[in-house]
Amino acid sequence: MSLYEGAVRRPIMTSLCFLAIIILGVFSATKLPIDLMPDIDTNTIMIMTYYNGASANDIENNVTRPLENVLNSVEHLKHITSNSRENVSVVTLEFEYGYDIDALTNDVRDKLDMVQNSLPNDANQPILFKFSTDMIPIILMSAQADESQKALYKILDENVANPLARIDGVGSVSISGAPEREINIYMDANKMEAYGLSAAQISSAIAAENQNITGGTMDVGTQTYTVRVEGEFSDPQEMRNVIVGSHNGAFVYLKDVARIVDDVEERAQRTFTNGVQGAMIIVQKQSGANSVAISNKVIDMMPTLQKNLPSDVKLGIIVNTSDNIINTVNSLTETIAYAMLFVIIVVFIFLGRWRATLIIGITIPMSLIASFIYLYATGGSFNIISLSCLSIAIGSVVDDAIVVLENVTTHIERGSDPKQAAIHATNEVAVSVIASTLTMIAVFFPLTMVSGMTGVLFKQLGWMMCIIMTISTTSALSFTPMLCSQMLRLQKKQSKLFKKVYGPIQRMLDGLDNWYERRISWSVRHRWTVIVGSFLFFALSIVVMKLAGVKSEFFPANDSARVGVTLELPIGTRVEKAEVIAKQLADMWMERYGHILQACNFTIGQAGDNNTFASLRSSGSHIISFNVSFCPSNERSEGLAQLCDEMRADCKAIPELAKYNVMLGGQQSSMGGQQTATFEIYGYDMDATYDVAVELQKRFQESDIVAQTMISRSDYEPELVINFDREKLAQQGLGMSAAAASVRNLITGSLMSYYREDGEEYDIKVRYDVESRSSVEDIENMLIPNGMGHNIKIRDIATVSESSIPPTIERKDRQRIVTVNAVMKDGEALSDGVELGNRLIEEMDIPNDVIVQVAGSYEDQQDSNRDLGTLAILIIILVFIVMAAQFESLTYPFIIIISIIFALSGIIFALVFTGVSINVMSMLGGVMLIGIVVKNGIVLIDYTRLMRERGYGLIRSATVAARSRLRPILMTSLTTILGMVPMAVSHGVGAEMWRPLGISVIGGLTVSTLLTLVYVPSMFCIFGGVGISNQRRQLRKKRELNAYWKENKEKEMKFIADDEE
Amino acid sequence: MTLPRASHDQINSETRTPTYSNKKTMKAIMISFDQAHYENVLAVLDRSNARGFTMMEQTQGRGSKSGEPHYGSHAWPSMCSTVITIVEDQQVDPILKRLHELDLDSQMLGLRAFVWNVEQTI
C-alpha cells in the first residue's frame, strides 16, 4: 500500500499523526527564545600581554611581533590585529565564521606556550580572552537622584544590583556614574614640610592604628575567653586624633597636617539622564542566555526594586535592547499573517471552491509549525531569518498541495468517488510533486553549506526551508489526499450567492485564458521575434543597471531606535568643560526630539578601575559618551539614520570638539549599523600613514555623501615626565623605584588601610590636597623621604618636563596600519562611498611605502558576494540535474535554466525603481528565485511534453498546454508574490531589514513569470522544430540507405564476402 | 445471502465428479473499467450475487471510439482494472444493466463489459 493509499484508507491515523506534529510544533514554539539574529558564534580571541615599563615601540617589537609571527599560523585565521601601547600589547585574532572556537582556543594556547620563551623576561604570561556579543549590555537602566546622590552607589548596589544579579541568566550588573564612598585624607603640603613629615609616615601610622588584633585565649576560672584589641575606627573623624609623628617634643596629630573628607572617590564618572544627575546600571547577560527573557524579568522586577529605594531615587530605562527585538519580531509575525491571508484569497479565487481553500488553509500552518520542532531541537530562536523563512515558505508550501488538490478535483469531476479519486489522482502527480520539491531542496540545501558571516545567517534558513519543503510534500502526499477524500464532493449545485460572487471572477479568468491563448498562438508562430525580444529585454535591464547604477551595501541598517554618541574634546580638557558641552547638547536634543525621545543619557569623566562596563570602552576626562534612545521606528516619521545625521551636524557646529562619533544602533558593527566605508592605510612610517589618513579624512569631509569620518589612531597624549638624576638619588640613598612610588602616593594616593562600616569596606586614601598637585611647580615642590628618613624636594633630585605619549601602534596582518572610517549619509550607498574613497586616494599623492586598502563591511560584502555567486552556480547545476533526471532530457532543462536571466532583469528593475540597494537580503531573494522561477518552467514544459506524447502537433501542444497551465502558474506565482507583498510594503519596526528581500522576490518573480509564459512555449517550439527536422533528416538518410542497399545488395554482399575471405 | 450458496457450491464440487461438458449454460463477463470504479464494480457483482471473479488490478487499454488510453504513462497516467466473472445465464442481464447505469453516471471514467459463452468448466 502506498503512502497516499494508506493515508486515505486510514483517515484517523493520518490526522492524528499530523495533529501530533502540530502539538509538538506548538509546544516547541512556546519554548523558543526570541532574538534579532541567529546565534553568531564568537570568532574573536584576544591575547593581552603586560610588559610594564615598555614603550609602545618596545612592546611592538618585543611582544607583539613574536606573538603575531607564531599565532599567524593558527588555522582558519582571517585577520590578526594588534594594539601596542605603553605597558601592554593586545593581539586580536579574528577567525573565519563557523569553526569551533574552543578547539581554536586550544590551538592558540599551544602556540602561546611555544612563544613564551622568546618574550622578554619581565613580560607577564599572556592572558587569553574570548570575546563575544554577550558582553554587549542588554539593558541600561538609569537612576535619577537628588539628595541621595552621595550614597547612590551603596543604595543601588544593595537594592538594585544585587537583586538583579540573582536573576537567572544575568551575567553581571555594574553601576556606573555613581562614585563609591572613599575616605580621603588630604595633606597640606606646607604643614607637612613644616613638621617634616612624609606621606608614607602618615599612611603607615593610620594603617597601624586602624586594626583589630586578637590577643589569643585566656582561662578565667572555668571559662575560656578570647582576647581582642579593637583598634579599628568606628567613625572616620576618629582619625583626626591619630598621632602621626612628633615635632619639637610635641605630638603631631593627623588633624594638624591634613583634613579628613568622608566623601566619594575623586575621579569618577558622572551620569546624567534627561538632565538629572544619577547613575547608570548596566545589565549584561550570561553567555548563551536569552536577552529578551532576561530583559522581561528585569523589567518585571523594576516596580519591586523602586519600592525599596529612597523616595528621591527614580529608576528608569535608558536602553532596553529587547524592545527592538520584540517589536521587530512582532511586525514580522504580522507580515506572515497577512501573507497567509493573501495566499488563501488567491487560492480561493483560482480554485473557486471553499472546501478546497479550507484544505489549503489547514496545510499551510501545519508545515510551518513543523519547522518549530527543528528550531527547538537545534537550539534556534525566532529571529529575522527564521521568520523571513516562514514568510518565504508560505508561498511554496501551498504549491504541492494545490497540484494534488487540482488533480483530485479533476478526477472527482470525471465521476470518481472522492476516495478513489484521492488515491489515483495523487498517484498520478506524486512523481512531479516530489521532483518539484527536489528542485526547491536543490536550491535551499546548498545554503546550509555557505561559509563566513553569510553562512551563519543562511544555515538556519537553508535547513528550515528543506524541512518545511519535505514536510509539505509529505503532507501533500498523505494529509491532503486524506482531507480531499473526506471533504471534497462533486459540486452538483452551487448556491446563488456563490454564483453571484464567483461568476464575474470565473468569467474574468476564462477571458484571461482565451486572451492568453491568442497571444501564445501568435508568439509560437513568431517564435524568433519572441526570443529575440526576450533577450533584448534582458540586455535592456543590464543597460539600465549600468546607467542608473544599482547601489550596493552589505546589510541594511537596522533602525533599533538607539544612538550612541562619543565625543572627544582635545586631550587633557578638564571634566568641567566636558560637562558644559554635554549639557548644552543634551538640552538641545531634548528640546528638539522631545516628542520622540525616550531617554537621553550621558556620562562624563574618567572611569574607576573596578568598573567592568567602563573598562570596555574608552573613558577620560575629555570624553563624553551619550546613550540616546528614541521611540520605535513606526511611531516616528524620521528614520534613525536621518536623526544621526542631524546629531552629527550639531556636533560639527561645536568647535571645541576634536572628534565625534555618532553610532547608529549604539555600537560599531558590520551588521545592522550605518553604512561605513573603511579604508586601511598600511605603512611602517607612523607619520607618513597618519598624514595620509588625515588628508583622506579632510577630503572625505568635503564630499556631501559622507556624514562623518574617523581616524582610528588616537592623538599624542600630554604627560609630565619626572627625570630623576641617578647620582643625586644615590646620594640620598634612594632607588629609582622607591622614589617613583613616593611620587605616585602623593598624586594618586596611597591605599594602606580600609574603613569598615556595616560589613562594607571603603578605601582610605592618603595624598596631597588638590591645590598642592595642580601644576608642574607643585610636583617639583613635593617632598619625598630619602634613605635617611629626611624629606627632600623633588626639584633637588629631578627635573620635571612636559612631553607627550606616542599613540597606540595598531597593526593588522603583521603590518602597521591606520584606519579611516567614513560613515555614509542617510540614503547614500556603501558602494558610492567606496568608489569616492578610491577616487580620492587616486588623486592623493601617496608615499611609495604606504598602501591603502578597502576593508570592513565592504570586504564582508565582497566575501559574501563571492560566496553567494558560487552558491548560485552550484544551485543552478543541482537544479539542472534534478530537472534533467525528471525529463530524461538535456534540452528541456536548458530551456528552463535560461529563463532564470529574466528573474535577474526583474530584480534589477525592481531595485532601480524603488531605489533599494543590493545587499545580502536582496541577493538571498535572488538565490531563492532560482527555485521558484524554474518551477513555472517545469510545469509548462511538462504539460507541453505530455501533449506531444498524446500525439498533438508541436504548435498545438504548445498553445493547449500554455492555456491549460496558465492558471496553475499564475496561482503559484501569485501566492509567492502576494506572500512577499507584506514584507515589501510593511513599515513596522525592522521593516528596512527585509524590505529588500520582498522587493527583489516580487520584481524577479513578476517579470520572470510574465516572460516565462511566452518565452517557454516559443523556445519549446524552436527546439521541437529543430528536433523534428533532425528526425526527418535521419529518416530520410535511413530510407536512402535502405533503397541503396536494396539496389546494390548483390554487389555489397560480394564485398563483404571478399572481406571475409 | 451469498453465504449458503457458497457452501452449497463447495459441497457440490467436492462430491461431484467433474463434468467436462456444459449442461447448464454459463456466461463469462469481462468488465474493463477505470481503476476509480473498482469499489463500484465489486458492489455491482455483490449485489448481483456474482460471487466468483478474477481480477486483474492493473491493466492497460483504450476504447475503440472515444475511450481515453489508460496506460499508466506520463501522457496517459490512468490505469484500468479488469474483472472476469463467470455467471449463470439469468444473472447476466441484471449485471449488465447495473454496470451500464454505473457507466452512464460517470462517462468520463469509462467502463465496458463483454459477454461470451463458457464452453466448458471444471
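A residue is counted as buried if 20 or more other C-beta atoms lie within 10 Å of its own. That cut-off is used throughout this tour of a predicted model.

**Whole chain**

Among contacts in chain A with a separation of 6 or more, 80% join residues 24 or more positions apart.

**Helix H29**

Next, select residues 900–914 of chain A, which form helix H29. This helix has 15 residues and reaches 21 Å from its first C-alpha to its last, close to the 21 Å expected at 1.5 Å a residue. H29(A) is mostly covered, with 11 of its 15 residues buried. Colour the buried positions: they run from A:Phe902 through A:Ala903, A:Leu904, A:Ser905, A:Gly906, A:Ile907, A:Ile908, A:Phe909 and A:Ala910 to A:Leu911, and A:Ile900 is buried as well.

Then step to A:Gly915, which follows H29(A) and has a positive phi, near 70°.

**A four-stranded sheet**

Now turn to an open sheet in chain A, whose four strands lie in the order E12-E7-E24-E23 with mixed pairing. Select residues 258–264 for strand E12 and 750–757 for strand E23; these are the edge strands of chain A, each pairing on one side only. From one strand to the next, the twist averages 25°.

Residues 760–768 of chain A make up strand E24, which pairs with E23(A) in the antiparallel sense over seven bridges. One bridge to display is that between A:Ser753 and its partner in E24(A), A:Ile764.

**The contact with chain B**

Finally, display chain B. Here 12 residues of chain A are in contact with 12 residues of chain B. Helix H13 (418–444) and helix H30 (920–949) of chain A are the elements that give two or more residues to the chain A side. The largest share of that side, four residues, comes from H13(A). Coloured by class, the chain A side shows two nonpolar, five polar and five charged residues.

Definitions and conventions. Residues numbered from 1 in each chain as written. Chains lettered and ligands numbered in written order. Predicted model: local features only at pLDDT ≥ 70, side-chain atom pairs only at ≥ 80, totals over all residues. Contact = placed C-beta atoms within 7 Å. Nonpolar A, V, L, I, M, F, W, Y, C, P; charged D, E, K, R; others polar. Expected span 1.5 Å × (residues − 1). Buried ≥ 20, exposed ≤ 12 C-beta atoms within 10 Å, placed from the backbone. Pairing = 2+ DSSP bridges. Axes fitted to C-alpha atoms, helices over the stretch in contact; angles between N-to-C directions.
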